[in-house]
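Visitor: Hi! Could you walk me through this protein model?
Guide: Happy to. Here it is, and then ask away.

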Amino acid sequence: MMRDPNGNAVYSAPSQAQMLTDHWAARSNESHPTTQTFSNVSKTLIESEYDQIMRESRDLTSNSHIPEYCQLFGIHELDSILNQLPMNKATGWDGVPYELLVALGPEMRARVLLCLNGLWVAGGVPDEWKEAILVPLAKKESASKVEDFRPVSLLVCLCKVLEAL
């Protein structure tokens, strides 16, 4: 149970979620945070972005004009990161867990590396990777007011892998 600013008990989950959203939005640099689920993302958009990334990534091997500070990552670096990933953690909106990335075979790891290198050279990530699921985490055991919670952002695991590289 949570309490509204007037001290009234709020029992419904949607009302509690709205209270947290309003509280965090007031403290955010955006007017309203958004939550996006995989079912809201257009499969066609994902496939077309993937195809574009793959086309651009293929061009990397023929491009000798990449600055030294922007050199491509190797498979050994990706393997090292994947071997250090924490297991049994919550996933981002895409639902892809670290366990899936760790279980990838050599061919799929090479494809993931190709995509990550393409993003590295391009200097950005897909806008969808910037979306997070906000989860309220109680700051103290008897949390009942919105101020008693802090937001935890669940991000896309591949984005975190790229950051680690």
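**A loop residue, then the helices**

Guide: Let's start with N88, which lies in the loop between α3 and α4 (98-103). Keep in mind that this is a predicted model.

Visitor: Okay, what is phi of N88 near?
Guide: Phi of N88 is near 60 degrees, a positive value in a residue other than glycine.

Visitor: And is N88 buried or exposed?
Guide: N88 counts as exposed, because its relative accessibility is 73% and the cut-off for exposed is over 50%.

Visitor: Let me zoom out. How many helices and strands does the protein chain have?
Guide: There are six helices and four strands in the protein chain. Along the sequence, they come in the pattern β-β-α-α-α-α-α-β-β-α.

Visitor: What share of the residues counts as buried?
Guide: 31% of the 165 residues of the protein chain count as buried.

Visitor: What about contacts between residues at least 6 apart in sequence: what percentage join residues at least 24 apart?
Guide: For the protein chain, that figure is 61%.

Visitor: Back to the helices. At what angle do α3 and α5 pack?
Guide: Helix α3 (residues 75-83) packs against helix α5 (residues 106-122) at about 105 degrees, and their axes are 10 Å apart. That angle makes α3 roughly perpendicular to α5, because 65 to 115 degrees counts as roughly perpendicular.

Visitor: Which residues make that contact?
Guide: From α3 you have I75, L78, D79 and L82, and from α5 there are R109, A110, V112, L113 and L116. By class, the contact of α3 with α5 has seven nonpolar, no polar and two charged residues.

Visitor: Now α5 and α6: how far apart are their axes?
Guide: The axes of α5 and helix α6 (residues 157-164) are 11 Å apart, and the two helices pack at an angle of about 70 degrees. So α5 is roughly perpendicular to α6.

Visitor: Is that crossing left-handed or right-handed?
Guide: The crossing of α5 and α6 is right-handed.

Visitor: Which residues meet there?
Guide: On the α5 side they are V112, L116 and L119, and these meet L158, V161 and L162 in α6. The contact of α5 with α6 divides into six nonpolar, no polar and no charged residues.

How values were computed:
Residues numbered from 1 in each chain as written. Predicted model: local features only at pLDDT ≥ 70, side-chain atom pairs only at ≥ 80, totals over all residues. Heavy atoms only, no water. Buried < 20%, exposed > 50% of the residue type's maximum accessible area, 1.4 Å probe, protein only. Contact = heavy atoms within 4.5 Å. Axes fitted to C-alpha atoms, helices over the stretch in contact; angles between N-to-C directions. Parallel < 35°, antiparallel > 145°, perpendicular 65-115°, else oblique. Nonpolar A, V, L, I, M, F, W, Y, C, P; charged D, E, K, R; others polar. Left-handed = near helix turned anticlockwise from the far one by under 90°.
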